[in-house]
Amino acid sequence: PRASLLVCHRRFGKSVMAVNHLIRAAAECTLEAPRYSFIAPYLKEAKAIAWDYMHKYAGVIPGNDPKEGELAMNLPGNRRITLYGADNADSIQGIYLDGAVMDEYQFTDPRVFRQIVRPMLADRKGWVMFLGKPLGRNHFYDVYEQMRNDPKCLVRLYRASETGVIDQDELDSMRRDMGEDLYAQEVECSFEAAIEGAYYARELEAARAQHRIKTVPWEPTGPA
């Protein structure tokens, strides 16, 4: 799909996945001079999260040419993957993109995608992947709701209790140390639990998980 969104629990491995997805896409692209990007909320964060992984996984490709100062990995065939920070959106201007990863999108100004990144994907029909964790019902939640009802989009939500990435003993320890609400947000990917002071947050989350919240018919002309 051209648009995908993954809600991932802590320590899921989304950064490793995203970097490898970019490398594979760049290597397989049949268009001239492919261009891809990894965009984090801050440039310093993009470097800390992805640059070492980019070295590790693209470094085995013969002819790779990393540019530390530009945070760009050049690959044979005039292919390039560049790391950007949404805090300096002007640095992303003026290029085209065949694919973009919007990492930690819950912390990113949504105007960066709508006004800058999305137009860059148009002429090459590039793809976008949104990655993040819940932070209340902010713009990341809005995109999640919009895309999960669109059959052309790929949307996945990965809870730690379901993936098996972290063993149960460690999850139990994390729950005790983090507290119920933070654990629900960061580890179980709850959008409700992230709202500080929300009424019945845990009850609503349980109801959603058990499919007890549904759409029902109503008669608009009936008494209120």
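**Entry 1: Asn 74**

I found Asn 74 in strand β4, residues 72–75, where strands are DSSP runs of E with at least two residues and helices are runs of H or I with at least four, numbered from the N terminus. I noted that this is a predicted model, in which local features need pLDDT of at least 70 and side-chain atom pairs count only at pLDDT 80 or more, while totals for chains, interfaces and linings use all residues. Residues are numbered from 1 along each chain as its sequence is written, and side-chain values use heavy atoms, with hydrogens and water left out.

Asn 74 has a relative accessible area of 15% and is therefore buried (under 20%; exposed is over 50%, partly exposed in between, with a 1.4 Å probe and protein chains only). Leaving aside neighbours within four places in sequence, I listed its contacts (heavy atoms within 4.5 Å) as Gly 63, Asn 64, Asp 65, Lys 67, Arg 79 and Arg 80.

**Entry 2: Val 101**

I then turned to Val 101, which lies in strand β6, residues 99–102, and which counts as buried because its relative accessibility is 0%. From Val 101 to Cys 153 I read 52 residues in sequence and 15 Å in space, C-alpha to C-alpha.

**Entry 3: the helix pair**

Ser 15, Val 16, Val 19, Asn 20 and Ile 23 in α1 meet Ile 49, Ala 50, Tyr 53, Met 54, Tyr 57 and Ala 58 in α2.
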